[in-house]
Structure formats: C-alpha cells, structure tokens
Amino acid sequence: MDPFTRSGAELETFLAGEPRYRIAQVRAWLARGVDDPQAMTDLPVTLRASLHEHLDPPPRVVRRSVADDGLTHKVLLEMGAGERREAVESVLMLYPRTARRRSARATVCVSTQAGCAMGCPFCATGQAGFRRQLTVGEIVRQVTVMQRLLAERGAAGRDGLGPDGSPASATPWPDVPDHVTNVVFMGMGEPLANLEPSLDAVRWLVGQFGLSARSITVSTIGLVPGIRRLEGLGLPVRLAISLHAPNDALRNDLVPANRQFPLREVMESASSYRRTIGRRVSFEYVLIDGLNDQPQHARELAALLARSDAHVNLIPMNPTPAVPWQAPDPAVQRRFTDVLHDNGVAATIRHNRGTEIDAACGQLYANYRMGSGARLPVAVGAAERLTAGDPG
Ligand code: SAH
Ligand code: SF4
C-alpha cells in the first residue's frame, strides 16, 4: 500500500474501518518523515502492526556522502525488493542565511526514475540508461528521508547530519532550517516521462506536506504533453526547461527528445505555461567547451528567448564518466553571459554543488554501469555524431 498516491486514496481505503481522525494522524507522521509505523506512537499497537505489514517499506539509506563543508549531502537510497530493487540518489543542499539571502533554505533534489531513457549524451544518468519508474511514494520519501535527517541533526551519536559525517553534536551546524523548504525535480530521470507519479508527488508535497508550490521546481527536457499537464494542475510550480542548444540541428543531438518535440513546440508550451500560471519560466543551458558556447550560439539563444521574460541558468558542464566533453574556460562562460545580457536576456552562471561527490546536475547515476539500461531509440549515436563533428 502506497499512502502517497493521489489524495491518499489507498490510505483511506486501508483505514476505512478506523475512526476518521486516524488518517490525519498517519499523514502527520508521514509528513514529519516518520514512515516506520512502529514509531507512530499515537496509534493503537494493533494498527501499527498491520500498517507495518502492509505499508511499502521506507527506502534504506545505504550511503551518505558529504561535500561543501557540510552544505551538500548525497544519499544513496535502496528502494523496492527482489526484481524491483534499485539504488536511487537524492541530494540535500543547505543554504545558510547571508546578507543577500534573507532566509535560509534546505533544498532537496529528487529523482523520479531509476536511470533515464532520454539519453542526453552529456549526462551520466542518460548514459546509464533507464531501469524503472519510481512510484509516487518512492519520490516523496526522498523528501521525508531528508526531512527526518534535518530534524535529527542535533542528536548526538545518531546518524544525523554532522558536516563531515561525524556525530552531529561534535561539529557546529551552519545556520540552516530544520526542515525542507524547497524541492527540485532535478535528480535522476525525466519527471514528465513518469508523469502521474511526478504530478502526484507535487500534489502531495503541496497538499499534505505543506510546501508552497512556489518553492517546487520541475525540470524537464521539454516533453510537451507533460508540460501541458503540469500547467493543468494550476499550481504556481516553477517550470525549468533544459534547453542546451539554440537551434534544432544542434539540439537534436544534445537533447535527442528534441526530434519528437522540436524547439518551436517547446517554446510555445513554455509561453502558455507562463501565461496560465503567471510565473516566469527558467531555462537551463549546459555550457560545453566548443559545442554550444560560442557568441553565435548566445545570439541565437537571445533571439529564441526574445520577449519571453525568461531567465537562463548557465551550467558549466560537470565532469561525467565516459564523456570526453568539459566546461569552457571562465572567460568563454563570461563572454556567453555578456552576449545574452547585451541582448536583454537575464542569465546567471550557476556553480554546482557537490561535484566532488558526484552529486551535481547530471552526475547522478548510482554507480550503474554505463549503457546498461534502455534508451530512447533516437538517442543512440547522438554523442558519436557530435564528437565526430557532424551536428545534424
Ligand atoms: N531530466 C530533467 C531533470 C533532471 S536533470 C532535465 O534534464 O531537465 C537536471 C539538470 O542537469 C538538467 O538541466 C540537465 O540538463 C543538467 N545536466 C545533465 N548533465 C549535466 C552535466 N554533465 N553537467 C551539467 N549539467 C548537467
Ligand atoms: Fe535524462 Fe535529464 Fe539526463 Fe537528459 S539531462 S538524460 S532528460 S536526466
């Protein structure tokens, strides 16, 4: 039984014989990150036992890596059993309060699939291929695992969140929230290729977990039907579109899904989202040395985004196993940004967290063997074509 499915229908059916308030009690525990029914102390012992028997087991934290002086934590979670057993990675990024950042943040980056079938050639997840979809419970429990770690961080000797993995009490903690404040769907997988569970996860985070929709970001490669469905939720969720190339010829190879949903359609769905939801869409653009980082690319990108009130996040390519490409020199990155600014497009270079523990964008692959999973047929060969200098 998965208590996180749409409006908790499965949970309601399961608790049908119980007093109404039991549902609220169980939900309150789940929202606090307690998903072991034995620890739900306000429930009768018999109910705890039967929940324990029927509830999907929580993910097991099998490894935790820490970087950036304790501000970035990657966990490796084992989910499912038998044939369905998979390892999935999630990242917690802590942002203490600073003069410029008035309130501290704790952001969880969640995975929506084990692997990814989209096959973008610069992305480790894409190179590993697709293993299976995650259920809605497996998505939201990545958030509740982090919620619990944050809440317990002060507990001495526990597996709290001491910045260097030491007992939390031994190391001073940065001034960060004791609960999750933001969730970004930017981990492993393409959220809109696992549409219903991803949308359900958004609904649960807003409706049951109490997160503001404004603090949730869904990142997509541009699967147009999924963008429309997200728009249909009518929630002010931030939409991020991974663009990476300013024209179809180059994007067909860098983002193979572009052959199904070309730039014109992607941009149309972005402006429709902007109009309906009233939030500015952001665009991700991985800067890859010599491939998409030239001034002419920046000019083309500016033309594409003209009058769209968009914001571009430029991500210098993170090193990725089995991929020969790298980030351009800082001077080239700055030149690209300057051209965008000169043409009236808002853009920032985003320096990734956790590169040294493989926790940054495009680095999550849970140590899968490269190429062992399924791929979108059009993805096969994209990298080879580009490396051979034949973008088309
Ligand atoms: N599948 C979705 C969400 C997960 S990827 C998407 O692609 O949008 C999150 C972000 O990491 C995307 O913008 C993706 O393009 C970027 N990314 C992938 N590989 C990268 C790499 N090697 N270096 C930097 N960013 C990368
Ligand atoms: Fe999948 Fe996103 Fe990686 Fe592309 S960039 S392979 S869509 S996770």
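Biologist: By class, which residues make up the shell around ligand 2?

Modeller: This is a predicted model. In it, the shell around ligand 2 has five nonpolar residues, three polar ones and one charged.

Biologist: And which residues are they, by number?

Modeller: C116, M118, G119, C120, C123, G126, G189, E190 and I221 are the residues around ligand 2.

Biologist: What cavity does ligand 2 take up?

Modeller: Ligand 2 takes the space of the largest cavity.

Biologist: Switching to helices. At what angle do α5 and α6 pack?

Modeller: About 40°, with the axes 8 Å apart. Helix α5 covers residues 136–151, and helix α6 covers residues 195–207.

Biologist: Which hand is the crossing of α5 and α6, left or right?

Modeller: Right-handed, as α5 passes α6.

Biologist: Now α10 and α11. How far apart are their axes?

Modeller: The axes are 9 Å apart, and the angle is about 30°. Here α10 is residues 295–305 and α11 is residues 330–342. That angle makes α10 roughly parallel to α11.

Biologist: What about the hand of that crossing, left or right?

Modeller: α10 passes α11 in a right-handed crossing.

Biologist: Why give both an angle and a distance each time?

Modeller: Because two packed helices are described by the angle between their axes together with the distance between those axes.

Terms used: Residues are numbered from 1 along each chain as its sequence is written. Chains are lettered from A and ligands numbered from 1 in the order in which they are written. This is a predicted model: local features need pLDDT of at least 70, side-chain atom pairs count only at pLDDT 80 or more; totals for chains, interfaces and linings use all residues. Side-chain values use heavy atoms; hydrogens and water are left out. A residue is near a molecule or strand if one of its heavy atoms lies within 4 Å of it. On a 1 Å grid over the protein atoms alone, a cavity is a set of points where a 1.4 Å probe fits but cannot get out, and a pocket is an open set with protein on both sides within 12 Å along at least five of seven lines; lining residues have an atom within 4 Å of a point. A molecule sits in a cavity or pocket if more than half of its atoms lie within 2 Å of its grid points. Ala, Val, Leu, Ile, Met, Phe, Trp, Tyr, Cys and Pro count as nonpolar, Asp, Glu, Lys and Arg as charged, and the others, Gly among them, as polar. Axes are lines fitted to C-alpha atoms, for helices over the stretch in contact, and angles run from 0 to 180 degrees between N-to-C directions. Helices (H or I, at least four residues) and strands (E, at least two) are DSSP runs, numbered from the N terminus. A crossing is left-handed if the near helix is turned anticlockwise from the far one by less than a right angle, and right-handed if clockwise. Angles under 35 degrees count as roughly parallel, over 145 as roughly antiparallel, 65 to 115 as roughly perpendicular and the rest as oblique.
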